[in-house]
Amino acid sequence: MQRHGARRIGSQIEMGVKRSHPFCSATSLPWHHELSKDHQIFRHLLEACKLSSDIRTATETHTRIIRFGYGTHPSLVASLISAYAHCDRLNLAYKVVDQVFNWTVNLVALNKTLHSFIKSRDSELARKVFDKMPDRDVVTWNSMIGGYVDNGRFEEALRLFTMMLTSNVVPDKFTFASVMPGCAKLGSLPLAQWLHQLMIDMRIEVNYILVAAMIDMYSKCGGIEAAKSIFERVQRDDVSIWNSMINGLAIHGFALDAIAVFSKMDFEDITPDAITFLGVLSACSHSGLVKEGRHYFNLMKSRYSIEPQHEHYGSFVDLLGRAGLLEEAYAVITSMPIEPDVIVWRAYLSACRTHKNPKMGEVAIAHISRLRSGDYVLLSNTYCSQQQWDNAQRVREMMKKHGVSKKKGISWFEWGGRFHRFKSGDRSHPETEPIYKVLGGLIERAKAEGFVPKRELVMMDVSEEEKEENLCYHSEKLALAFGILKTGPGTEIRISKNLRICDDCHNWFSLVSRMLNRVILVRDRIRFHRFEGGLCSCGDYW
């Protein structure tokens, strides 16, 4: 049906154009007057071809584009190349790319074509055009770097940035505004410090966007003191700067400091916005400040006339749920003036897992229309915590039936200018043997210190020995072993993880920090954990 629809639209386009110009042949039509908007119709048709993988209509549309005089229109050319790629005709896509460079070497036109690919998230085709461009200006580089960051290809964005530094094009403030979020996502403090120094050396004009990005970057890379230092030194006349600082303090668990920054906004005549309150609620949630969280949630509307959105309700439900107030959290959800969305129900589901309430977990699951792997895992873990193995097995069978696989936990440690990534039970690293030897030694020492693995966390009805072995080789433990292998005594170890750190690893890291007298900083999906002397900065509340 989609394919026939695309063809029908194509026929209507050609008939409409001919009716508009009864005395002109299609090949002589100008790019203005009645046809000035027709290229948008062609673009919509190509988008339909992409969705339906209709190669026949795509090629017919290609012919019409050329006949009607749009053969070198940047956004149409980009849509055409993208349509061919989505129809699995990369040879045709690359042929059009080559033709682009036969038609023009105009940098403005090529940049527009490049931007169209970036906007439609076709990174590979964008790179194909980029690599063939005879000249590149700062707009070209910024488009590619920003596109890679937006598409989650952070390391590639940073590699491209280093390539730019060796070219004859000088980065500008927009370049740094694009590359810093990529560094923040990777969590690399050395890279953050390098980028900051580069900005100083290049005398980049700093505006509120760059200041907010720097504070956010340092915070997410574990350099919260550097973030605070920047915040105290700069002119703070835009709310985004305050938001970055409040959010940075929140993810490090400094809730009272985040509240203090919020209070200071009033003295400096800065009006908070919806993002500000999201940061404050998040800070309260991470530290269990229920009373304060209620106050700020109500303050949004009563003083600032900000209507809470799904994100605010999700954060408030998370705050109540973490504190074990499941009934109150549920009452908030059912009394929402807007329809609760997946953000809100997932926050509630997570709380049900934390407080081992499978019955209410089932209620949350029933309200999530498109279940992801994390939703299934949360419910299954909730059943496992109550030793309801049959129900846990039923959830795993549902996952299998719907083709959903558990999202793999990945942890990484930066060393030698690259990020070393580990999965649970990973043996692919070149230094696997010494890594496992270090980890084995730590496991034995921890046992001697009285550490008992939390076997109930393993969502499988298997032997206790198998459960313990499963817990021993989680990705963050392998990353820590590698960090210990590569660094000297007293050095702070920084690890990042794409999922929430589990209870077993959290307890184990606390003990290892005391055994080795080392500071271990772990950034998980939710927040930072600073382990030192057997304690964690989160106070075992996360």
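Predicted model: local features only at pLDDT ≥ 70, side-chain atom pairs only at ≥ 80, totals over all residues.
1. In helix H7, the buried residues are Ser123, Leu125, Ala126, Val129 and Phe130. Because these residues cover an arc of only 165° around the axis, they lie on the same side of H7. Buried stands for under 20% relative accessible area, exposed for over 50%, and partly exposed for what lies in between (1.4 Å probe, protein chains only). The arc is taken from the directions that run from the helix axis to the C-beta atoms.

2. Residues are numbered from 1 along each chain as its sequence is written, and side-chain values use heavy atoms, with hydrogens and water left out.

3. Ser123 belongs to helix H7, which comprises residues 123-132. Helices (H or I, at least four residues) and strands (E, at least two) are DSSP runs, numbered from the N terminus. The relative accessible area of Ser123 is 6%, so Ser123 is buried. Leaving aside neighbours within four places in sequence, Ser123 is in contact (heavy atoms within 4.5 Å) with Tyr148, Asn151 and Arg153.

4. Thr487 is placed in the loop between helix H26 (475-486) and strand S3 (493-497). With a relative accessible area of 16%, Thr487 is buried. Its side chain reaches the backbone oxygen of Gly483 at 2.6 Å, and the side chain of Thr487 also makes a polar contact with the side chain of Arg518 (2.6 Å). A polar contact is a pair of N or O atoms within 3.5 Å; within protein, one must be able to donate a hydrogen and the other to accept it, and residues adjacent in sequence count only if both atoms are side-chain atoms. Not counting residues up to four places away in sequence, Thr487 touches Phe413, Trp415, Ile493 and Arg518.

5. Strands S4 (residues 520-523) and S5 (residues 528-532) pair in the antiparallel sense over four bridges; pairing requires that DSSP finds at least two bridges between two strands. Arg523 stands opposite Phe528 in S5, and a hairpin of four residues joins S4 to S5.

6. S5 is also joined to strand S6 (residues 535-536) by two bridges, and these strands run antiparallel. Phe531 has Cys536 in S6 as its bridge partner. The hairpin of S5 and S6 has two residues between the strands, and Gly533 takes a positive phi near 60° there.
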